[in-house]
Amino acid sequence: MKRLVAAVAVLLMIILQLPAAVADYSAADSPYQSYAYSGRFYDMFANPAALPMVEVPPGIFALSVSATDNWDASQLGKSRMSFIQDQQWKVDATFISKYVALTATFGSEFDRSSPESTQYDIYSSLRIELDAAYAFPHFSIGARVTGGNQMVRRDKTIDHITDVFVNAWFSPFDRDAGSEFFDLGVGAILEFSPFSAGVYVGKLLTLKYGNLYLGWDTLAESTSVSVALEGGRYTKDGDLMLVRPRASVSLTGLVESATRKIEFEGDITFQFLPGADLTIAASYLEFRHEWFSFNTENGYVSFMIRGGADGFYGSVGVVFNASDFSRFSPSISFSYIS
């Protein structure tokens, strides 16, 4: 416990020294999380208030490795290395206690200059996230501090698979000016099974033009609300529920349609043993959402399968643009919780 506290203190000092770029949507950001969900370890990555509501204590350390790409199907096979279009890798390491979690994320992204080119800008990023929360009966509150920046290796040629690793890890890099970010967020979850509701404000305080900023515009853009229904973990007789469904709807950006997004998500978990399960999930996510009107030109349809046992988990998923399915983002991840 002393080591965890020391690590939290050191990395908190690192966060506070980091000078915010708003991350664009990508398949690397999971579309299968609701701000009203709790009970599973990974629910806290959407809303920090879910941290003390985990049903099964996850251990003190979690490691996750994931990869994804955003593919234009019309370009696949037309040029060398065409399967690397907007590829992203992530490694997440999380230290966990009941009320505090500390996550370091190391990422690499390959930004292709044009479909015909083998030139890439390669971005390497570091993100530090500190979550703290406390739960009362039926109610939990939490806070999140995040900070980070990224470096860039510009105009790197990738002709072979070995060039991917050489350029991502060993070639010289430059600081990516303006990539630094810092955010303070707060969240809460109200739960009366099977119903739950959650709210998360991602930018209660943020870095803007090099200064800490608190304003109505960032509050409105980063406020998310969710409602959800979820089946219980156990039957009335105390047996593990074999089929456990849950569903939610989430809305982010409550004022301006330009920054508003809505998501409908549902999944079914098959609980074979207390430490072994399989989840099938689907979601629809729409950006620039107009009230009571849907536009698939701004929408994405997602599917995922996730499962594992004894702390080892893996998932595969795919995200399609909803208008014509011409672009899609496959993803794969592996994690271990100890």
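The structure is a predicted model, in which local features need pLDDT of at least 70 and side-chain atom pairs count only at pLDDT 80 or more, whereas totals for chains, interfaces and linings use all residues. Residues are numbered from 1 along each chain as its sequence is written, and side-chain values use heavy atoms, with hydrogens and water left out.

Strands are described first, taken as DSSP runs (E, at least two residues) and numbered from the N terminus, and two strands are said to pair if DSSP finds at least two bridges between them. Strand 6 (residues 139-157) and strand 8 (residues 181-192) run antiparallel and are joined by 10 bridges; within this pairing, glycine 148 has phenylalanine 181 of strand 8 as its bridge partner. Strand 8 is also joined by 9 bridges to strand 9 (residues 195-208), again in an antiparallel arrangement, and here alanine 188 has valine 199 of strand 9 as its bridge partner.

Strand 16 is joined in turn to strand 17 by 9 bridges, the two running antiparallel, with valine 319 opposite serine 329 of strand 17. In the hairpin of strand 16 and strand 17, which has 5 residues between the strands, phenylalanine 325 takes a positive phi near 60°.

Charged side chains were examined next. Side chains of opposite charge can pair when their charged atoms come close. With a salt bridge taken as a side-chain nitrogen of Lys or Arg within 4 Å of a carboxyl oxygen of Asp or Glu, the count comes to 15 salt bridges. One of them is formed by the side chains of arginine 144 and aspartate 131, with an N to O distance of 2.6 Å. Because arginine 144 lies in strand 6 and aspartate 131 in strand 5 (residues 119-136), this pair ties together parts that are 13 residues apart in sequence.

Arginine 246 is buried, with a relative accessible area of 3%, and glutamate 230 counts as buried at 12%. Salt bridges that share partners join Arg40, Asp43, Glu55, Glu230, Arg244, Arg246 and Asp267 into one network.

Arginine 153, which lies in strand 6, is buried yet has no salt bridge, and the nearest side chain of opposite charge, that of aspartate 174, is 9.1 Å away. For such comparisons Lys and Arg count as positive and Asp and Glu as negative, while His and the chain ends are not counted. The side chain of arginine 153 does take part in a polar contact of 2.9 Å with the side chain of serine 124, and it reaches the backbone oxygen of serine 171 at 2.8 Å. A polar contact is a pair of N or O atoms within 3.5 Å; within protein, one must be able to donate a hydrogen and the other to accept it, and residues adjacent in sequence count only if both atoms are side-chain atoms.

On the surface, Leu242, Val243, Ile268, Phe272, Leu273, Leu278, Ile280, Ile305, Val316, Ile332 and Phe334 form a nonpolar patch, with about 970 Å² of accessible area together. Patches are made of residues with over 30% relative accessible area and no salt bridge, nonpolar side chains (Val, Leu, Ile, Met, Phe, Trp, Tyr) being joined within 5 Å and like charges within 9 Å; accessible areas come from the Shrake-Rupley method with a 1.4 Å probe, and for residues only the protein chains shown count as cover. Strand 13 (261-273), strand 14 (276-287) and strand 17 (327-337) each supply at least two residues of the nonpolar patch, and its largest share, 3 residues, comes from strand 13.

Technical notes:
Helices (H or I, at least four residues) and strands (E, at least two) are DSSP runs, numbered from the N terminus. Buried means under 20% relative accessible area, exposed over 50%, partly exposed in between (1.4 Å probe, protein chains only).
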